[in-house]
Amino acid sequence: MTEISVTDLSLLERCKRCFWLSLRGVRQPLVFPTALRSIDQLIKHDVAVRGVWWLKDGEVLSIDKRMKAEYNGVTLVGEIDELVELDGGGYVVLDYKFSGQAYTEEKANWYYSTQLSAYAFLCEE
């Protein structure tokens, strides 16, 4: 059975060769890994302490953030940052992103739409 991570799946749209290599265990080098990882950990700690203070109509759920689902013989695995239940019903998947480069909203939406859709699929399963 083939297992694909949500992050690897998003590579498929950006770089088919990178996706092919990732399935064979070859990873891309990280740029500024220590600084970006530190920022990621600070944000996650802040959310753990204060909640998602900027999202006024929802509550962060305490769930296992590591998820796995099988579809047509392929296992999709991923780990969301947060799942928020909205007061009016529905859910929001939060996936914090830090990059060494700035993105326009349009480019960020294109770049991460597959990844966020895959996380939504995992939450539904």
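This is a predicted model: local features need pLDDT of at least 70, side-chain atom pairs count only at pLDDT 80 or more; totals for chains, interfaces and linings use all residues.
Residues are numbered from 1 along each chain as its sequence is written, and side-chain values use heavy atoms, with hydrogens and water left out.

Helices (DSSP runs of H or I, at least four residues) and strands (runs of E, at least two) are numbered from the N terminus. Three strands form an open sheet in the order β1-β4-β3, with mixed pairing; two strands are taken as paired if DSSP finds at least two bridges between them. Because β1 and β3 stand at the edges, each with a single partner strand, one side of each lacks a neighbour in the sheet. On average, neighbouring strands of this sheet are turned by 25° against each other, direction ignored. The strands β1 and β4 run parallel and are joined by four bridges, and I4 stands opposite L76 in β4.

Helix α1 packs on the sheet, where it touches β1 and β4, and its direction makes about 80° with that of β1. Helix α4 also packs on the sheet, touching β3 and β4, with its direction at about 100° to that of β4. Contact here means heavy atoms within 4.5 Å; axes are lines fitted to C-alpha atoms, for helices over the stretch in contact, and angles run from 0 to 180 degrees between N-to-C directions.

The two helices α1 and α4 pack against each other at an angle of about 145°, with their axes 9 Å apart. From α1, the residues V6, T7, L9, S10, E13 and R14 meet W110, Y111, T114, Q115, A118, Y119 and L122 of α4. The residues of this contact divide into seven nonpolar, four polar and two charged. In this division Ala, Val, Leu, Ile, Met, Phe, Trp, Tyr, Cys and Pro count as nonpolar, Asp, Glu, Lys and Arg as charged, and the others, Gly among them, as polar.

Within α1 (residues 6–14), V6, D8, S10 and L11 are buried, that is, under 20% relative accessible area, with exposed set at over 50% and partly exposed in between (1.4 Å probe, protein chains only). The elements covering the buried residues of α1 include β1 (2–5), α2 (16–23), β4 (74–79) and α4.

The largest nonpolar core comprises ten residues, V6, L61, M67, A69, L76, I80, L83, A118, Y119 and L122. Such a core is a set of buried Ala, Val, Leu, Ile, Met, Phe, Trp, Tyr and Cys residues joined through side-chain atoms within 4.5 Å. Both β3 (66–71) and α4 (105–124) supply at least two residues of this core, and the largest share, three residues, comes from α4. A second, separate core of six residues includes V52, L55, V84 and L94.

M67 lies in strand β3 and counts as buried because its relative accessibility is 13%. Not counting residues up to four places away in sequence, M67 touches L76, V77, G78, I80, L122 and C123. The C-alpha atoms of M67 and C123 are separated by 7.5 Å, although these residues are 56 residues apart along the chain.

D81 is located in the loop between β4 and β5 (82–86). With a relative accessibility of 7%, D81 therefore counts as buried.
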